[in-house]
Amino acid sequence: MIRTIPWRGIGRNCARAPLHALSVSATHVGTGHTVVFLSSAEPLPREWSRDPFVRHRAARIGPRHVLASAAIPLLFPAVKIGR
C-alpha cells in the first residue's frame, strides 16, 4: 500500500482541484468517538456533524490514516495518529 498509492499526489490534486477533498474515518480507541481526517484545499467547515461523537481534523492523508481506518481489534492492530 505504501509503495503503490502516490500519497503525495493527494495533496497536489486537492490543491489543483481535480480532487475536491478526501476523508478517512477511524475510531478513537480511548473514547469510541469517530474521527474524520480531511484533506482539502478549502478551509474545514466549522461544523462537520451534529453528532457529538464525531470529530473532524485537518490532515495530510497518508498510509497511517488508512491503516487506522482499517483497524479491527484482534485482526488488524490499532494505529496511533498524532497524540
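Trainee: How many helices and strands make up the secondary structure of the protein, and what pattern does the protein follow along the sequence?
Mentor: The secondary structure comes to 2 helices and 3 strands, where helices (H or I, at least four residues) and strands (E, at least two) are DSSP runs that are numbered from the N terminus. This is a predicted model, in which local features need pLDDT of at least 70 and side-chain atom pairs count only at pLDDT 80 or more, while totals for chains, interfaces and linings use all residues. Residues are numbered from 1 along each chain as its sequence is written, and side-chain values use heavy atoms, with hydrogens and water left out. Read along the sequence, the protein follows the pattern α-β-β-β-α.

Trainee: What share of the residues of the protein counts as buried?
Mentor: A residue is buried at under 20% relative accessible area, exposed at over 50% and partly exposed in between, with a 1.4 Å probe and protein chains only. The C-alpha atoms fill a box of roughly 40 × 35 × 20 Å, taken along the principal axes. Of the 83 residues of the protein, the buried share is 23%.

Trainee: How are the buried residues of helix H1 placed when seen down its axis?
Mentor: Helix H1 runs over residues 7–16, and its buried residues are Trp7, Gly9, Ile10 and Cys14. These fall within an arc of 140 degrees, so they line one face of the helix; the arc is that of the directions from the helix axis to the C-beta atoms. On the other side of H1, Arg8, Ala15 and Arg16 are exposed. The answer, then, is that the buried residues of H1 line one face of the helix.

Trainee: Against which elements do the buried residues of H1 pack?
Mentor: Packing is judged here by contact, which means heavy atoms within 4.5 Å. By that rule, the buried residues of H1 pack against E1, E2 and H2.

Trainee: Which residues line the largest cavity?
Mentor: On a 1 Å grid over the protein atoms alone, a cavity is a set of points where a 1.4 Å probe fits but cannot get out, a pocket is an open set with protein on both sides within 12 Å along at least five of seven lines, and lining residues have an atom within 4 Å of a point. Grid points are joined across faces, edges and corners, and a volume is the space filled by probe spheres set on the points. A search of the whole structure finds 1 cavity of 30 Å³ or more, and H1 gives the most to the lining of the largest cavity, with 4 residues. The lining consists of Trp7, Arg8, Ile10, Gly11, Ser39, Arg60 and Ile61.

Trainee: Which residues does Ser39 touch, not counting residues up to four places away in sequence?
Mentor: Ser39 has its place in strand E2, and at 8% relative accessibility it counts as buried. With that sequence limit applied, Ser39 touches Ile10, Cys14, Ala21, Leu22, Ala59 and Ile61.

Trainee: How many nonpolar, polar and charged residues are in the lining of the largest pocket?
Mentor: The largest pocket holds about 710 Å³ of space, and, of the 25 residues that line it, the closest to its centre are Thr27, His28, Val29, Val35 and Val79. The largest share of the lining, 3 residues, comes from E1. Ala, Val, Leu, Ile, Met, Phe, Trp, Tyr, Cys and Pro count as nonpolar, Asp, Glu, Lys and Arg as charged, and the others, Gly among them, as polar. By class, the lining has 13 nonpolar, 8 polar and 4 charged residues.

Trainee: How far is the backbone nitrogen of Gly62 from a polar atom of the side chain of His65?
Mentor: His65 is found in helix H2 and is buried, with a relative accessible area of 9%. A polar contact is a pair of N or O atoms within 3.5 Å; within protein, one must be able to donate a hydrogen and the other to accept it, and residues adjacent in sequence count only if both atoms are side-chain atoms. Between the backbone nitrogen of Gly62 and a polar atom of the side chain of His65, the distance is 3.1 Å.
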